[in-house]
Amino acid sequence: MQAPPRLRRASQARSRRGGAGFSALLWLFGIAVVALPFLRERDNIGSYEGDFGRTSEKDVPFADAQAAVEELVPGVTALIAKSSDEYFGLQSPWLRDSGAVDFFRIPSGRQNYEIHCVGCHAATGDGGGPAARFLSPRPRNFRRGLFKFTSTDAASRPQRRDLFQTITRGLAGSSMPEFRLVNEEKRWDLVEYVRWLSMKGEFEQMMLADAEDNEELPDAAEIADIVIKRWHPANLRTIYPGIPETAYDQASIDRGRALFNDSNKGSCYTCHGPAGRGDGQTADAYKDDWGYPIRPRDLTAGTFRAGSEGADLYRTIAAGIKGTPMGSFEGALSPAEIWDLVHFIQSLSKR
Ligand code: HEC
Ligand code: HEC
């Protein structure tokens with residue numbers, strides 16, 4: 001599917017802005033990357049065909065969205081540029097002293113991001129790199145502060161170690177590669193850079209949304225403060241397994257199957273289907289919060305983006321997958337029940 005002409009022009013304009021050498025590098029990278037989804041077709045479960053191109057109304061390039069609001073609130077573009085630099089720029093003493101970002105890691109983070117990540121996630125982190133339109137699911141747009149695979153509750157931003165795990169292990173069944181070969185310190189630098197892109201993006205998006213809603217220039221100091229508090233490690237609520245893993249045996253698997261199909265408990269079957277094949281009644285009904293179609297996973301395939309170990313699956317069920325229809329089950333299910341579900345899911349792909 002082609003992107004609508006207006007959006008296509010915008011993305012062409014964006015790619016013209018980069019230097020020639022830089023974009024050649026990107027393209028080389030892009031071409032290598034485009035082959036990936038085909039090579040990995042076997043694993044490419046739960047994603048949509050024909051989801052190509054930037055076709056989501058919720059995921060419009062920021063410059064386009066900004067131009068529209070500028071007509072309503074003149075001066076908003078200039079204010080966002082100035083205040084983004086003032087609060088979230090890398091010379092900002094305010095940001096350095098906020099305790100939310102490890103400043104020392106940013107320069108190396110940026111360097112490595114430009115080598116490894118920019119082809120998919122783009123320089124601004126909006127997920128619109130040159131390879132992105134060929135990929136399904138789409139590379140993450142970091143500028144919403146929304147991450148899928150976290151160990152935190154629904155209201156919290158991800159922890160550093162959640163992002164570290166994603167970067168280290170990649171996301172199986174998607175084109176997000178693993179970066180085990182990048183040394184550990186550099187992976188932490190990348191984590192910090194992604195967090196920074198995310199905060200800055202969230203700030204700019206909130207400024208724009210506020211201007212649009214109130215039809216006046218927003219209060220930058222107030223919005224900067226909200227964003228930094230959201231990301232401050234002290235304000236993240238983490239989900240831990242309530243009890244150590246229970247025994248993996250037939251009784252636990254059977255209890256898990258019953259919970260999976262219990263409409264008062266997990267209700268997992270409504271999306272994932274009674275046998276976990278990803279074919280529940282509502283399976284075709286969903287879009288994710290970025291506006292792209294999303295399907296419940298076929299749990300019999302044994303490919304789990306956030307990992308297949310007991311602790312990984314526990315985390316996925318307890319914390320949910322943010323930005324997708326799969327919500328958090330912490331509280332709704334007891335820790336012992338979550339372990340039963342973990343064992344049932346593991347049994348589906350054990351032969
Ligand atoms: C070949 C394209 C590609 C490259 C290169 C790539 N990513 Fe990704 N990345 C993706 C895709 C696709 C997703 C979304 C997968 C999904 O939605 O399940 C993603 C998701 C992510 C996420 C979000 C995970 C979450 O919980 O939501 C992070 C963080 C991330 N990538 C970081 C990086 C970093 C850092 C690099 C460079 C070191 C990188 N990526 C390189 C394709 C890529
Ligand atoms: C409202 C629909 C819905 C319900 C209810 C639901 N899920 Fe999901 N689930 C999804 C979607 C959509 C995905 C795919 C997310 C993605 O592609 O990133 C998913 C993915 C998963 C995954 C794969 C995680 C990974 O790492 O790849 C597991 C495991 C899972 N669900 C288990 C469950 C269990 C157990 C329940 C019941 C307690 C449940 N789900 C209830 C929609 C749902």
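**Helix packing and ligand shells**

Modeller: This is a predicted model. To begin with one pair, helix H4 (residues 62-72) packs with H10 at an angle of about 30°, and their axes are 10 Å apart.

Biologist: Is H4 roughly parallel or roughly perpendicular to H10?

Modeller: The angle between H4 and H10 is about 30°. Angles under 35 degrees count as roughly parallel. H4 is therefore, relative to H10, roughly parallel.

Biologist: Is the crossing of H4 and H10 left-handed or right-handed?

Modeller: Phe62, Ala65, Gln66, Val69 and Leu72 of H4 meet Glu204, Leu208, Ala211 and Glu212 of H10. By class, this contact of H4 with H10 has 6 nonpolar, 1 polar and 2 charged residues. The crossing of H4 and H10 is left-handed.

Biologist: Does Ala81 count as buried or exposed?

Modeller: Ala81 sits in helix H5 (residues 76-88). From Glu204, Ala81 is 123 residues away in sequence but 8.3 Å away in space, C-alpha to C-alpha. Ala81 has 12 C-beta neighbours inside 10 Å, so Ala81 counts as exposed.

Biologist: How is H7 oriented relative to H10?

Modeller: The axes of helix H7 (residues 106-116) and H10 come within 7 Å and cross at roughly 90°. Angles of 65 to 115 degrees count as roughly perpendicular. H7 is therefore, relative to H10, roughly perpendicular.

Biologist: How many charged residues are in the contact of H7 with H10?

Modeller: From H7 the contact takes Ile106, Ser108, Gly109, Arg110, Asn112 and Tyr113, which meet Lys186, Asp189, Leu190, Glu192, Tyr193 and Trp196 of H10. By class, the contact of H7 with H10 has 5 nonpolar and 3 polar residues, and the number of charged residues is 4.

Biologist: How many charged residues are in the contact of H14 with H15?

Modeller: H14 passes H15 in a right-handed crossing. Gly310, Leu313, Tyr314, Ile317 and Ala318 of H14 make the contact with Ile338, Trp339, Leu341, Val342 and Ile345 of H15. By class, the contact of H14 with H15 has 9 nonpolar and 1 polar residues, and the number of charged residues is none.

Biologist: Which helix gives the largest share of the shell around ligand 2?

Modeller: Ligand 2 is surrounded by 26 residues, the closest being Gly266, Cys268, Cys271, Ala306 and Met326. Helix H13 (268-272), H14 and H15 each supply at least two residues of this shell. The largest share, 4 residues, comes from H13.

Biologist: Which elements give two or more residues to the shell around ligand 1?

Modeller: Of the 27 residues around ligand 1, His116, Cys117, Cys120, Lys148 and Met176 come nearest. The elements that give two or more residues to the shell around ligand 1 are helix H8 (118-121), helix H9 (160-169) and helix H10 (184-214).

Biologist: What percentage of the residues of the chain count as buried?

Modeller: The chain has 15 helices and 0 strands. Among contacts between residues at least 6 apart in sequence, 68% join residues at least 24 apart. Of the 351 residues of the chain, the share that count as buried is 38%.

Conventions:
Residues numbered from 1 in each chain as written. Chains lettered and ligands numbered in written order. Predicted model: local features only at pLDDT ≥ 70, side-chain atom pairs only at ≥ 80, totals over all residues. Left-handed = near helix turned anticlockwise from the far one by under 90°. Contact = placed C-beta atoms within 7 Å. Nonpolar A, V, L, I, M, F, W, Y, C, P; charged D, E, K, R; others polar. Near = placed C-beta within 6 Å. Buried ≥ 20, exposed ≤ 12 C-beta atoms within 10 Å, placed from the backbone. Axes fitted to C-alpha atoms, helices over the stretch in contact; angles between N-to-C directions. Parallel < 35°, antiparallel > 145°, perpendicular 65-115°, else oblique.
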